[in-house]
Amino acid sequence: MTQTFADVVDETGHDPAERKLAIEEAAARVITDPENSRVAARLLAELIADETAEHGVRTFSESIAATHAAGLLQDRLADFVAANAEALDALVAPDADDRFEYFGLRTVYDRYLLRHPRTRRVLERPQHFFLRVACGLSETVEEAAELYALMTTLSYLPSSPTLFNSGSRRPQLSSCFLLDSPRDELEAIYERYGQVARLSKYAGGIGIAWTRVRSRGSLIRGTNGHSNGIVPWLRTLDSSVAAVNQGGRRKGAACVYLEPWHADVEEFLELRDNTGEEARRTHNLNLANWIPDEFMRRVEADETWSLFDPKEVPHLTDLYGAAFDEAYRAAEAEGVFVRRVQARALYGRMMRTLAQTGNGWMTFKDAANRTSNQTARPENVIHLSNLCTEILEVTSDAETAVCNLGSINLAAHLADGEVDWARLRRTVRTAVRFLDRTIDLGFYPTSEARAANERWRPVGLGVMGLADVFFALRLPFDSPEALELSTRISEEIALAAYATSSDLAVERGRHPSYDDTRAAGGVLHPDHYDAARSDRWTALRERIAETGLRNSLMIAIAPTATIASIAGCYECVEPQVSNVFKRETLSGEFLQVNRYLVRDLSARGLWTPQIRDAIKRADGSIQDVPGVPEDLKALYRTAWELPQKALIDLAAARTPYIDQSQSLNLFMATPTIGKLSSMYAYAWKSGLKTTYYLRSRPATRIAQTTVTRAVPEAEAESGAVACSLENPEYCDACQ
Amino acid sequence: MLLDPGMDLTLRPMRYPDFYERYRAAIRNTWTVEEVDLNSDLADLSRMTPEERHLINRLVAFFATGDSIVANNLVLNLYQHVNAPEARLYLSRQLFEEAVHVQFYLTLLDTYLPDHEERVKAFAAVEHIPSIRDKAEFCFRWIDSLGGLTRLESQDDRRAFLLNLICFAACIEGLFFYGAFAYVYWFRSRGLLGGLATGTNWVFRDESMHMEFAFSVVDTVRAEEPELFDDRLGAQVTRMMEEAVEAELAFAADLCGDGLSGMSVGQMRQYLEYVADQRLVRLQLPVRYGTANPFAFMELQDVQELANFFERRVSAYQIAVEGNVAFDESF
């Protein structure tokens with residue numbers, strides 16, 4: 001069966017089991033022809049329509065009536081829709097579902113559509129879902145139409161919590177929560193567990209610092225005993241996070257941040273190891289290093305590094321830049337450290353953790369604080385980033401930082417072989433207005449989160465589909481043209497976002513802490529990089545001086561894992577991982593194939609079964625596939641084949657226009673300490689504020705079942721063949 | 001030569017560096033049972049139809065003993081007769097991996113079958129469930145096929161050993177296990193039993209390596225003593241493969257009953273025949289069945305995985321990373 005599934009589709013009636021089978025068959029055949037993905041999606045859309053019809057749902061207003069009657073929606077939304085039923089029903093675009101790839105629609109079906117509490121049947125269709133989200137954030141039909149138009153064309157999508165909860169009775173719309181380290185006392189630690197659990201329950205990702213808590217061996221005055229350090233506390237946090245199930249839709253997830261002068265840092269770096277004592281492991285927590293420049297300088301100079309008990313130096317975590325350097329050196333001079341290590345030895349240990357677990361993200365405290373709009377006053381300090389390392393906001397005991405996110409699908413903003421800049425700016429304006437709206441409509445699980453969000457009103461507008469843009473315009477990821485375009489996109493987005501926030505300040509007022517920001521002093525984020533000298537920035541700066549801003553922060557590039565699936569584009573600013581790969585998610589596994597590559601190969605008559613098998617055999621790489629032209633090889637390199645320097649350079653070039661940060665994954669198939677330490681030192685020097693996962697590949701792999709492979713020639717002849725010692729992963733004999 | 005009797009202890013100069021590299025690669029992929037999260041499986045199990053539940057129960061009953069049998073043969077036959085220290089290093093590592101698999105399936109059964117009596121019954125499946133007993137007997141017959149031979153002196157001795165080696169690689173790890181994996185991936189393709197699938201992925205990865213190691217031993221012997229590979233041996237291997245397909249099919253009939261949506265005995269037959277053909281091709285023998293793979297979902301396990309980190313634990317990391325801090329390496 002190599003043709004598309006048109007025949008199957010025609011024969012498939014309304015029998016659900018038969019249709020399900022046809023969907024799965026078509027979906028599994030996307031590798032032969034990516035069009036099968038659309039076929040599967042179309043079948044699934046029919047299945048969904050039939051399913052909603054069981055509860056009498058055909059139109060949007062009927063879906064709202066049904067979900068409201070089932071107790072899933074707030075009265076305000078139900079009343080709004082009832083009052084405007086005709087106008088809203090007319091908004092639903094009849095063929096809009098055709099824009100979905102199968103994986104996208106399947107994700108929507110499995111996880112986003114509202115279901116009847118008892119029958120578990122879906123009560124809304126995909127377009128109803130988009131319009132429900134839009135109405136949940138709107139005051140008028142016109143507003144709803146504006147946001148719906150962006151969503152239905154997959155041009156912009158709010159983040160998952162907003163998609164899940166907009167219009168619901170408990171509309172928790174925020175993606176990320178950042179909690180300051182608990183104070184160094186028992187009650188404060190347990191109080192934090194409670195906050196984490198409450199925030200986690202409503203589908204928020206948690207970042208939490210732990211730098212203030214005393215280290216192992218520290219004296220506990222109350223009992224005259226000695227502390228066991230941070231690991232047992234983090235074990236408890238680990239269990240607590242795992243126990244919270246986000247409504248069955250996602251598992252709770254958290255990332256713990258620690259500064260590398262904390263005396264327990266080495267044990268911290270072992271928390272994710274899969275060997276060793278289980279009592280000292282946390283399999284559910286993510287880990288990140290919150291690194292001051294002083295540490296990196298000492299690594300470079302090959303000097304010693306002092307580890308402290310925070311009880312002795314409680315002020316360090318609230319300082320950054322020169323003030324931190326001075327205080328740190330003073331503490332060293334006083335001799336209050338617990339012990340000293342070679343800075344490079346600790347840095348090497350960090351690299352090892354990254355290679356072995358992908359965790360232990362490198363995030364840079366000074367770069368994060370130095371340019372943040374929120375840190376104009378010395379008492380406002382950023383102590384950590386979030387679960388995905390793209391949010392940088394100040395925290396304190398009284399304020400839990402929050403961020404509401406949404407991402408623009410850049411692939412949907414192309415026209416006639418270039419970016420449609422005017423349309424991009426329009427999308428930004430709509431997106432920022434609705435992100436700002438979520439701040440007021442959101443339900444906050446803790447008072448600390450509400451307090452912070454109302455005062456600072458930060459939002460995080462991001463992008464997805466950058467790789468699609470490069471493919472569509474045929475720009476290799478590491479070309480100068482790609483760098484220029486990517487930077488221009490970020491600058492345009494920043495300009496439009498700031499202008500919109502300035503408009504909002506006029507309409508609805510500045511955010512209450514505006515006077516505490518750097519913007520109030522006339523300094524905008526790109527000014528720190530001398531990257532705002534054009535007339536447009538000058539004009540904008542002058543305008544903001546008059547109006548102020550509605551939002552303290554506006555730009556953050558989130559990983560977009562799930563919403564990029566819905567939109568059918570590549571994730572955020574990432575290169576593709578493989579030309580053929582499968583996605584593993586809670587809904588199962590899905591095959592994905594690079595449709596741009598298929599288009600190009602088909603056009604040249606090269607999308608043959610032989611070449612398909614060769615690409616699969618090569619794990620989605622086309623570099624060594626005979627017959628593939630060189631220009632395609634250059635364009636369709638995978639993340640494993642691109643120089644990582646290019647990823648870092650692109651990220652660094654857009655940093656001036658990213659006032660929070662970006663979730664930047666780095667890829668290395670076979671990491672070594674030498675390569676990693678060079679790479680992260682370069683990232684730091686390039687001024688990146690944060691990095692995210694280090695992705696690497698397994699040393700051995702599963703034997704392929706569906707690709708016919710005869711005996712490797714050389715092996716058959718000579719018996720034993722020595723693998724390449726440097727790179728056994730790519731040695732054929734090992735596969 | 002590799003099958004010459006004895007206990008070679010000399011690692012330098014190394015005769016078969018490929019075996020040593022396989023040993024090192026295996027170590028880099030160490031995983032532990034504690035990393036597998038089976039929690040979500042319990043909810044899936046509670047929603048299954050009785051037919052699906054029956055399939056799963058039988059399947060885990062097979063898993064309960066399969067890896068122990070492989071480990072037994074490794075100790076009783078392979079380790080004794082593959083005479084190169086670097087090959088024995090690999091086998092030692094394989095033995096450890098089999099132990100991890102046994103532990104994984106033990107944990108799985110304890111989790112899936114909370115009822116004490118059911119659990120005991122599952123572990124005893126090899127004695128009282130005919131379809132599982134028959135497969136086990138097939139294995140035992142081949143474990144004993146060398147009849148206590150301690151030295152492979154004659155060509156016939158060596159052929160007997162090759163049959164044992166090929167049986168465990170091609171029929172047991174390469175067919176029985178592949179059959180079992182197909183059921184797991186079938187569930188996973190429908191978004192079910194993610195914990196089992198994660199563990200199975202890692203088991204599958206290990207088993208793939210075991211099979212490839214055994215085949216490369218065969219390749220080595222073929223290069224050193226081509227005269228061992230006569231038509232009779234080929235015919236014996238093909239017959240053995242046929243027997244294995246039949247045994248696995250009887251198991252499939254027990255599991256699938258009248259068929260489930262997307263999984264039936266007929267499809268399983270095609271799949272097993274397809275897999276058996278692949279093993280024969282790998283052993284440079286003619287295809288026996290000429291059947292195509294019916295399971296589209298098995299395509300999924302042939303390509304790179306990209307898990308969403310918040311949803312699945314990712315198995316793509318390595319241990320034993322090498323090197324020193326540097327600032328001038330290319331990346």
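UniProt positions follow the numbering used here, and the annotations may be inferred rather than shown by experiment. With that understood, the predicted model can be approached through one such annotation. An unreviewed UniProt entry places the feature "binding site" at Glu98(B), Glu173(B), Glu207(B) and His210(B). These positions are spread over 113 residues of sequence, yet they cluster in space, with a largest C-alpha distance of 11.2 Å.

When neighbours within four places in sequence are left aside, the contacts of Glu98(B) are Asp67(B), Val70(B), Ala71(B) and Leu74(B).

Glu207(B) is found in helix α9 of chain B, formed by residues 194-224. Around Glu207(B) there are 27 other C-beta atoms within 10 Å, and this residue is therefore buried. Apart from neighbours within four places in sequence, Glu207(B) is in contact with Glu173(B) and Phe177(B). Glu173(B) is itself one of the positions that the UniProt entry lists under "binding site".

The average pLDDT of chain A is 90, and 92% of its residues score at least 70. Over residues 711-735 of chain A, however, the pLDDT is below 50; in the model this stretch has 49 contacts beyond near neighbours in sequence.

Methods: Residues are numbered from 1 along each chain as its sequence is written. Chains are lettered from A and ligands numbered from 1 in the order in which they are written. This is a predicted model: local features need pLDDT of at least 70, side-chain atom pairs count only at pLDDT 80 or more; totals for chains, interfaces and linings use all residues. pLDDT is the predictor's confidence in each residue, from 0 to 100. Two residues are in contact if their C-beta atoms, placed from the backbone, lie within 7 Å. Helices (H or I, at least four residues) and strands (E, at least two) are DSSP runs, numbered from the N terminus. A residue is buried if 20 or more other C-beta atoms lie within 10 Å of its own, exposed if 12 or fewer, and partly exposed in between; C-beta atoms are placed from the backbone.
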